[in-house]
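Subject: Structure handover and findings

Dear colleague,

Please find below the structure I would like to pass on to you. My notes on what was found in it follow directly after.

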Amino acid sequence: MEETKPIILAIVGPSGAGKTMLSEYLKCELGLPPIVSYTTREMREGETDGVEHHFVDISRMPTKDRMLAYTKFGGHHYWADLVDVPETGCSYTIDEKGLMMLWDTHGDKFDIRAVLIKRDEGLIQVPKERKRRDRCRVRIEEAAYSLVIENNGELEDFLKEACKKIKILLQTFS
């Protein structure tokens, strides 16, 4: 009998696209817990340690063999620890470099379902330095994603529609 692998719903998109908001919504609506990554960057106004990220010193960074994924983005390190992945599955907000590492390093251990959130750039309200940082992102062809979702309307509509599509995605191949 084949063992079922934990599902990781990897949520990717530009800064301000709604990744974290969607992850929190999925936690409430589907009981899909988010992985909270670690970062060496400073906490931004309105953030809470342990909610958006665990804000830590670089001395806390484990070796890559203990990481689920890793990326250096905007001059800061971001990672998740393998021990933080629940057996029941989870969502994980991640950038493209981290997603590629996740596929390459742990594609055999986890059922990775990648979701791209797209949003018209003119609708994104983020500070200029975060938009500038996004220019360093790598591009993954849309066909590589399990699901591509547009977030160009009302937030509530986006969350409900995305949740409906993700629920179907999570049931597929289970």
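Helices here are DSSP runs of H or I with at least four residues, and strands are DSSP runs of E with at least two, both numbered from the N terminus. On that basis, and keeping in mind that this is a predicted model, the protein chain reads β-α-β-β-β-β-β-α-β-α-β-α along its sequence, which comes to four helices and eight strands.

Among the contacts in the protein chain with a separation of 6 or more, 69% are between residues 24 or more positions apart.

Turning to the aromatic side chains, the structure holds one aromatic pair, formed by Y38 and W79, whose rings are stacked at 5.7 Å centre to centre with 10° between the planes. Because Y38 belongs to strand 2 (residues 38-39) and W79 to strand 5 (residues 76-81), the pair ties together parts that are 41 residues apart in sequence. Both partners are on the buried side of the 20% cut-off: Y38 has a relative accessibility of 15% and so counts as buried, while W79 is buried with a relative accessible area of 1%.

Another ring to look at is that of Y70, where K64 lies over the face, at 4.4 Å from the ring centre.

Note on methods
Residues numbered from 1 in each chain as written. Predicted model: local features only at pLDDT ≥ 70, side-chain atom pairs only at ≥ 80, totals over all residues. Heavy atoms only, no water. Phe/Tyr/Trp six-rings, centres within 6.5 Å; stacked < 30°, edge-to-face > 60°. Buried < 20%, exposed > 50% of the residue type's maximum accessible area, 1.4 Å probe, protein only. Lys NZ or Arg CZ within 6 Å of the ring centre and 35° of its normal. Contact = heavy atoms within 4.5 Å.
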